[in-house]
Amino acid sequence: MSLHEQTLAVWQGKVRMRVLSKGSGPSLVFFHGSWGLEWDPFLDELARDFTVYAPEHPGTTAEAPDDVYHLDGLWDLVLCYDELLQALALSSAVLLGHSFGGMVACELAAAYPGRVRRLVLVDPLGFWRDADPIANWMVLEPAQARARVFRDPDGPAARRMYGGAEDPKTAAAARVRLMWAMGATGKFIWPIPDKGLKKRIHRVQAPTLVVWGKEDRLVPPVYADEFARRLPGARVETVSDAGHAPHLEQPDTVARLVRDFART
Amino acid sequence: MKISAFHLMPHRELPPDFEQRYESVWVTPPWWELADPSRVGQYYNWTLDELIHAARAGFDGVCTNEHHQNAYGFMPSPNLMGSVLARATNGTNVAVVQMGATLPTSNPPIRVAEEYAMLDCISGGRLVAGLPLGSPMDVNLCYGITPMEHRERYREAFALTLKAWQAREIFAWNGRYFQLPTVNLWPRPVQQPHPPVWVPGSGSISTFDFAVEHDVCYCFLSYSGARSAKTMMDAYWDVVGRKGRETNPYRAGFLQLVVVGDDDADAEAKYGRHVEYFYHKCLHVPAPYFAPPGNQDYRSLVATLNNPVRRPENPKELRYRDFVDKGYVIAGSAATVRERLKEEVVKGLHVGNLMVLLQIGSMPHELTLENIDRFARDVLPDLRPVWDDDGWVNHWWPERLRGGAPVPAMAVGAGRA
């Protein structure tokens with residue numbers, strides 16, 4: 001089964017979004033985090049049971065970095081994703097989002113409750129607790145950022161995201177990609193990743209699974225309570241030996257949780 | 001040429017181990033551990049006294065600027081300082097150069113247009129209106145403006161400011177970031193159609209384009225001296241030429257750190273530790289603070305990451321003599337300073353509006369006054385006529401002050417009492 005790639009233009013044709021897809025079975029849409037989209041072992045694993053669609057967030061598609069300037073705020077972004085789901089002819093799907101993408105998935109589920117069959121949030125952003133502030137990962141030194149995002153800052157998952165010892169040209173390209181992905185997603189959450197989800201989350205109707213890396217040093221696991229409290233019936237699963245990106249550090253475990261929850 | 005005294009209003013008494021103990025001089029330095037309001041009141045008054053002293057000593061202009069949450073230079077409102085300076089220099093030919101109030105952090109931004117108009121009224125038309133973009137630390141980190149919107153907000157605010165000063169009719173501003181139903185500025189500036197506009201920058205290509213397109217004076221505020229600014233300023237003059245503007249040196253401003261002594265050894269003895277304090281402590285900022293993702297547009301990001309402009313050296317590893325040798329600071333006898341300023345900065349970068357930083361880091365008040373006096377007496381008169389024979393007009397200076405040397409209102413030193 002090969003990876004399919006298409007670029008769809010929404011928002012009066014001004015916002016081009018590349019969508020990777022693979023697999024067969026029920027539709028599942030994956031919303032990536034602040035660091036950009038990479039087709040990884042986790043998505044591969046999911047593609048065994050689902051038709052996985054992974055859109056690139058506006059601005060993070062390589063040929064269309066400036067398209068993000070056509071969106072002014074979260075309202076525009078949510079409408080933009082609505083258009084994308086329509087263009088993909090997905091009237092109902094499992095929505096799965098990581099970090100920033102988790103917040104987006106949750107906003108979509110609140111805006112269009114009828115469209116979401118199951119909702120899976122992996123270490124999502126969306127709330128703010130004064131007692132547990134979320135460090136601004138966008139202005140951390142690379143080494144500090146890695147240590148915040150990953151349980152093992154030197155592990156393979158961290159190396160894939162932050163780059164290893166490639167030649168300078170490849171490293172520069174990876175750095176551009178990472179910086180721009182943080183900028184384009186940051187546009188919707190700067191300077192504090194709480195954009196009012198608490199006022200809207202009650203509209204979510206889909207059964208929800210909240211997955212959290214036990215050693216998340218960016219968005220501490222206590223934030224899982226914030227979601228559980230507002231989504232009665234939501235199931236919370238914590239994943240050992242994982243930080244803010246459990247689907248990257250423990251892909252099999254998280255894929256199994258998603259499969260068991262969303263296939264039914 | 002026009003020569004102005006610039007001031008940052010730094011904390012002058014940071015602990016010796018400041019840069020080891022704290023992560024940053026900007027955004028996060030803990031006030032309660034590092035500062036005392038009464039003492040800071042003294043700093044503000046010294047700053048004002050030093051600038052007023054410079055005005056009386058013969059400088060063409062006095063400059064203040066805006067920064068937030070830091071010990072490097074903390075005038076959150078440069079217009080409060082500018083207001084005192086405007087009043088204190090009435091009756092002189094000294095320009096009040098606001099370098100200045102930051103548009104993206106002022107909401108609505110016509111607040112800057114109003115305050116500048118007030119300053120122009122109070123000073124009788126002696127305002128230079130600096131309209132800075134603001135640093136990422138100030139705008140994105142302290143004031144919470146989204147990095148990707150920083151430049152767009154600035155450009156919109158800039159257009160609104162210029163229109164608010166000049167419009168004959170009341171107008172509605174229906175912008176992307178600002179909506180104002182009835183813009184009708186009170187007061188309007190004395191200078192018509194508006195005060196001269198300077199746009200400070202730190203070498204970003206998009207700011208060059210912006211400055212040239214809007215026909216303003218581009219000011220490179222650099223702390224690494226003329227040698228490392230050469231490539232940047234050459235690129236600026238390239239843009240000026242390409243866009244068909246005349247290469248009038250007054251289209252460029254440059255900030256240079258300067259200390260004047262009897263000779264090299266005297267300058268080192270007097271100023272050495274203050275220069276090191278400035279570079280080691282006042283610029284102690286984590287690199288990512290300067291470049292939050294999205295602040296640079298995509299084109300500039302690609303350019304920066306693919307050919308980092310000559311990896312800058314780490315100033316923390318340099319000592320006083322390095323700073324002098326490399327031109328970060330121009331130091332020595334008046335003759336040396338005159339020569340280096342003329343060759344490296346004025347001629348080398350083709351600059352007509354020179355700003356000099358004479359109070360540096362921990363430099364105490366009395367020594368600052370001495371540096372100001374030495375510069376005003378032994379350096380400034382020699383520099384002023386540098387461009388006179390070339391026939392350029394300084395369109396970026398208040399019209400009524402464009403003539404010859406300013407007439408000091410009082411004798412040099414009158415501010416000391």
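Me: What makes two residues count as being in contact in this predicted model?
Reply: Two residues are in contact if their C-beta atoms, placed from the backbone, lie within 7 Å. By that criterion, 16 residues of chain B are in contact with 18 residues of chain A. On the side of chain B that touches chain A, α7 (147-166) and α11 (298-306) of chain B each supply at least two residues. The largest share, five residues, comes from α11(B).

Me: How are the residues on the side of chain B that touches chain A divided into nonpolar, polar and charged?
Reply: Twelve are nonpolar and four polar, with no charged residue in that set.

Me: Which residues of α5(B) and α7(B) meet?
Reply: I110(B), V112(B), A113(B) and A117(B) in α5(B) meet L160(B), T161(B), A164(B) and W165(B) in α7(B). Seven residues of this contact are nonpolar, one is polar and none is charged.

Me: Which residues have the most contacts inside the largest nonpolar core?
Reply: They are V62(B) and F254(B), in a core of 202 residues. Helix α3 (residues 100-111) of chain A provides the largest share of this core, eight residues. Leaving aside neighbours within four places in sequence, F254(B) is in contact with residues including C219(B), F220(B), V345(B) and M355(B).

Definitions and conventions: Residues are numbered from 1 along each chain as its sequence is written. Chains are lettered from A and ligands numbered from 1 in the order in which they are written. This is a predicted model: local features need pLDDT of at least 70, side-chain atom pairs count only at pLDDT 80 or more; totals for chains, interfaces and linings use all residues. Helices (H or I, at least four residues) and strands (E, at least two) are DSSP runs, numbered from the N terminus. Ala, Val, Leu, Ile, Met, Phe, Trp, Tyr, Cys and Pro count as nonpolar, Asp, Glu, Lys and Arg as charged, and the others, Gly among them, as polar. A nonpolar core is a set of buried Ala, Val, Leu, Ile, Met, Phe, Trp, Tyr and Cys residues joined through C-beta atoms within 7 Å. A residue is buried if 20 or more other C-beta atoms lie within 10 Å of its own, exposed if 12 or fewer, and partly exposed in between; C-beta atoms are placed from the backbone.
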